[in-house]
Each structure stands twice: as C-alpha cells, then as structure tokens.
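I set out to record what I looked up in this structure, entry by entry. The notes go from the whole chain to a single pair of residues.

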Amino acid sequence: NYSPDGKYLASSSWEVNTILIWDTLKWQSVQTLQGDIWGNVNYSPDGKYLASGCHDKTVRIWETLTWQKMQTSKVQIVFA
C-alpha cells in the first residue's frame, strides 16, 4: 500500500513475518517492521500511521515518523 504522498510503499511478507517500507524514488527498503505482523497494511489518510492486520485477528498501529508500535489490539470480526 502506498503512503498518501506516494513516497513510500508498505509491503508485508508471510514467509518472514515482516513489513517492509520502501522508498519509491530509490526503490530501497528504508524500514523493516519485525514480528508476527504479516497481513494487510494501510496508511492513515494523513500518512502519520500505518495499520497492519494479521491472520490471528491482531491489528497493530505504527507511527510512521519513528516506526514505533503505538497500539496492538485483538479484533473480533462478525459477518452478518
């Protein structure tokens, strides 16, 4: 998923349980988020946060200036 300004791309890998942040001008990895975090990723509209969803129903919120994990929550998904 691209950041709102298009400068970064977040990609996740289930093989190595990471999220890679790519600089889209140089196409180089600039940050690796480690742990059991692979899954869907999406930037907030202002680009200040990245949300990652995992197969175990865990959602993590990352602050994109420092890449510190801000919050981890288990979610319950109910389909009607």
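Entry on surface. I looked up the accessible surface of the protein chain, which comes to about 5,500 Å². Carbon and sulfur atoms account for 54% of that surface. I note here that the model is predicted.

Entry on burial. I then asked what share of the residues is buried. Of the 80 residues in the protein chain, 30% are buried; buried means under 20% relative accessible area.

Entry on elements. I found seven strands and zero helices in the protein chain. Read from the N terminus, the elements run β-β-β-β-β-β-β.

I looked up how the strands are arranged and found an open sheet of four strands, in the order 4-5-6-7, with antiparallel pairing. Why is one side of strand 4 and of strand 7 left without a neighbour in the sheet? Strand 4 (39–43) and strand 7 (68–74) stand at the edges, and each has a single partner strand, so one side of each has no neighbour there.

Entry on one strand pair. I followed strand 6, residues 58–63, which pairs with strand 7 in the antiparallel sense over six bridges. Which residue of strand 7 stands opposite threonine 58? I found lysine 74 in that place.

Key: Residues are numbered from 1 along each chain as its sequence is written. This is a predicted model: local features need pLDDT of at least 70, side-chain atom pairs count only at pLDDT 80 or more; totals for chains, interfaces and linings use all residues. Side-chain values use heavy atoms; hydrogens and water are left out. Two strands pair if DSSP finds at least two bridges between them. Helices (H or I, at least four residues) and strands (E, at least two) are DSSP runs, numbered from the N terminus. Buried means under 20% relative accessible area, exposed over 50%, partly exposed in between (1.4 Å probe, protein chains only). Accessible areas come from the Shrake-Rupley method with a 1.4 Å probe; for residues, only the protein chains shown count as cover.
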